[in-house]
Structures are given as C-alpha cells and as structure tokens.
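Me: I have a model open and would like to go through a few of its elements with you. Could you take my questions as they come?

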Amino acid sequence: MNTDELEHATYEAERRVLEIQAKLHRWARDDPHRRFDDLFNLCVDPAFLLVAWDRVRGNKGAKTAGVDGRTAASIAERTGVEEFLDALRDSIKDRSFRPLPVRERMIPKTGGKLRRLGIATITDRVVQASLKLVLEPIFEAEFLPCSYGFRPNRRAHDAVAEVRHFTSHGYEWIVEGDIKACFDEISHPALLDRVRLRIGDKRVLDLVKAFLKAGILGEDRVLREASAGTPQGSILSPLLSNVALSVLDEYVAQGPGGPGSSKLGREQRRRQGLPNYRLSRYADDWCLMVHGTEGDAEALREEIAGVLSTMGLRLSPEKTLITRIDEGLDFLGWHIQRHRKRGTNRYYVYTYPSRKALSAVMGKIKTACRKMATNQPLDTLLIQLNRMLPGWCAYFHPGVSSATFQYLSSYTWSQVMKWLRRKHRRITWKDLRRRCCGGGWWPTGEERTLFDPGKVRTTRYRYRGAAIPSPWPATA
C-alpha cells in the first residue's frame, strides 16, 4: 500500500470509527445501566486498527521501542503497515495475542524522587489504542463534569478555572489531595469490577486484564509481576485510571452537600451548620472545595480516604493539606489565592504561575545556556530556548501572568547575554550588540530571534463548567 492509498484509507477509517463511537456514546448515555456484550469485533475491526496505528505512529513516542526493540518506522519499512495490521488482527481473533512486558524507565521528579514510566511495544500500543477507541465513548457517557484529566475537549485550565470559580463563591477551605503512587497501586480486582459494570464482553475484559498483568521489565533487566496499578505511559492507562478514580467523583456528586443538591438544599445545610462541597480533579491531582469550616474539611478528608481505599489507594499524609483560599494553594502549576485588589477594598481570587513552575522553567533555561558549547552559533542556542518558552507561556497566559512573564524575559535575557559574554570574551558591549543583537539589546541570530515572554499578552480563561461539548455528535 503506497502513501496516498494509506492516507485515503485512514481518512475513510476515521469517518467510520467516529460514526460508531457516536453510536456507542449515545447508547451508553441514554441507558446508564446498559452493559455492552459485543465489542470484540470492533476492537479487531480493520478501521479501528488502522486509526489506532495512525495515532500510535503520529505520537512523539513512536520512535521509542519497547522490549522487542521495534519502532513504528521499522515496522512500516520492514514489514509494511497492511501486513502488520493483518497479522495483528489474526492473532487477536484467534486469541494467540499476548501483551509483552512494558520496559521500565525511571523519570526524575522534583525533590529527587523518581517516577516509573512503562514503555509498551508498538504492537501492544496499537491494540491498546484500538481498545481505547471502543471503550472511551462508553465511559465518557458516565464520567462526571468535575473530572478533566486525559479526557477529550478538556484541559487543565478547566480544572483551575473551577477552583477559582467556587473559591470566589464562598468555598473558602480546600483539601489539596495527593494520592500516593496512584498509577502503581490501583487494585486490579476493584478496577475490573468497575469496568464490568459497563463491559460484558469477556474477550474485551480478557484483553484489558492481560495488559494489566503484562509485567514490567525493570532497568536492571529483571522481570517483575504487575499485581497492582496501571503502567504510567501506556495508552490505555489514563482511561483506566479515570475509571478507577471516578469512584471519588461519584461519592462527592452523590453526597448531600455535593453538586447534586439543590440551591435551597445547600442554603438549608448552611443554616444548620453543615458543609457544602465541590470537587475539581485532573487525573490523580484534585481539590475538594468546602463551604464550611476547617473541621468540615478535615472530616471530608477522612471520608475521601475511606472511599479511595476501596480502590487500593492511599492519601499522602504529608502532601494532602487543608488550606484556606486566603493563604493560597498550588494546583496544576498555578498558584490560586484570594487577596485585596490594589486600590480597592474588594477581594478577588487570582491565578498566577506558581513559584515551582517558574523555578522549573528557569532551571531549564539555565541548564541549556550552561551546557551549550560556546563554539556553537547563537542560532543553535536560540532554537533550543525557543522550543521551551512559547509552550510554557501558552499554558500560563490565561491568568495574572504579566509580571511573571516580564521577570522570565529578564532572566532569559541575562542568561543568554552571559553565554554571549563567555563566547566573545574580549568583545565590547557595543560590538556585542551590533553582532548579536542587531544593534539593539535583544539577542538575535542570523536566522532567528530569541522568543520574548514579556510580549505575551494575558487573557482570562472562561469557566465552562458542565457546558463542555462532547467530541461525539448527539445524533447519528
């Protein structure tokens, strides 16, 4: 199959997959108790496998091999896409397919700790992507609006906007939730029980279980069994973790002071001295906002710990904090705090880039400038910096970020100028500006100019709440 034929086939496959996903989503939404008993044929459908392959190949991790050493490019060149997918489909249908262990990769975290990343083989990734195409529309029908992580049409800004919205309307106490090793400790039996509530096809359930039990090949080349958790980094893992953590969403939503209560009911609870509460969750990071007292927040924290224990999860005692909005909290890279607006007596909740996020990007800039050899042209350094700065500013531009952007602009300028001074040790400032700044003060190479964070305009992110549209049309 040549490139043009493959592109056309992929386009037609995507149309077919979208139509089927819309039907699955509509059926699941219209009947909350429906169990889907015939999904296996969809998982091995040529259209679903082709779309799954296209998404795996287009992912930036396609160049990273699993334990079998194969990449997407090597499969396309040596085997051929059509032959690879046909063989994969046959192996799944005759039940001979077996997932290989994921390759362990330890990623450093802030504070010196490490996070385990599981790298599956390309073959396993394609099967997982096909499974996700089938399962996601079904579970999306029952996921609640308070969940934002790894879901279509949702982003971290929605979760932050929800915290800002409710803390501006009386929910002053916040339980900052931190689940200890969430992706490593999810109970497999408890997770599969929740999957079975919607999925009745035993062949699909066997595939999901096989991926959970595939095992981990550690960096020390020792094979370990996977008795709990979903490998962080796999395609299916975010969906399964949302299925597991939806137990928390449902508990809060069904509570007497949760979002399911009426406005009159919430007012009556406050007159009786009882709390109301709202949840905003992004994957395993969550905030419980409480309209009540600090004691109410502490009691709710203990209740949530009990709810999560049913999924084999634990709260981190040292990181699960109770904070008042006047003190401020860090959530998803943002610092959220209420204080008086300058020149007035009114108090508002503001969102800023957190110090931790700012320190992280400053550290990357400093490292890039220190590691870049002075025998390299200025353009080489600017390429590296211009790759990280626009994305960081794009994430933080919907907030009160102007002062932070100006500070980052000044810091970046100083680091680049220090590098230029090391590169041209005997040059005068006048000649340095002429040669490396175009006669001005801002670093400019032969082909590109350093990105200036100080020129990024800020906006306010609109809180969308439950009005976020589904990616699948409401009608066929």
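Me: Which residue stands opposite Asp285 in β7?
Reply: Asp178 stands opposite Asp285. Before going further, this is a predicted model, in which local features need pLDDT of at least 70, side-chain atom pairs count only at pLDDT 80 or more, and totals for chains, interfaces and linings use all residues. Residues are numbered from 1 along each chain as its sequence is written, and side-chain values use heavy atoms, with hydrogens and water left out.

Me: In what sense do β3 and β7 pair?
Reply: Strand β3, residues 173-178, pairs with β7 in the antiparallel sense over six bridges. Two strands count as paired if DSSP finds at least two bridges between them, and strands (E, at least two residues) and helices (H or I, at least four) are DSSP runs numbered from the N terminus.

Me: And how many bridges join β6 to β7?
Reply: Seven bridges join strand β6, residues 276-282, to β7, and these two also run antiparallel. Within that pairing, Met289 in β7 is the bridge partner of Arg278. The β6-β7 hairpin has two residues between the strands, and Ala283 takes a positive phi near 60° there.

Me: Why call β7 largely enclosed?
Reply: Five of the seven residues of β7, which spans 285-291, are buried, so the strand is largely enclosed by the rest of the structure. Buried means under 20% relative accessible area, with a 1.4 Å probe and protein chains only.

Me: Switching to α10, which residues are buried there?
Reply: In α10, residues 202-212, the buried ones are Val204, Leu205, Leu207, Val208, Phe211 and Leu212. Seen down the helix axis they fall within an arc of 155°, so they line one face of α10; the arc is that of the directions from the axis to the C-beta atoms.

Me: What do they pack against?
Reply: The buried residues of α10 pack against α2 (40-43), α5 (81-93), α6 (122-140), α9 (188-196) and α11 (237-254), where contact means heavy atoms within 4.5 Å.

Me: What caps the N-terminal end of α10?
Reply: Asp201 does, with a side-chain oxygen 3.0 Å from the backbone nitrogen of Arg203.

Me: Which element gives the most to the second largest pocket's lining?
Reply: That is α7, with five residues.

How values were computed:
Buried means under 20% relative accessible area, exposed over 50%, partly exposed in between (1.4 Å probe, protein chains only). A polar contact is a pair of N or O atoms within 3.5 Å; within protein, one must be able to donate a hydrogen and the other to accept it, and residues adjacent in sequence count only if both atoms are side-chain atoms.
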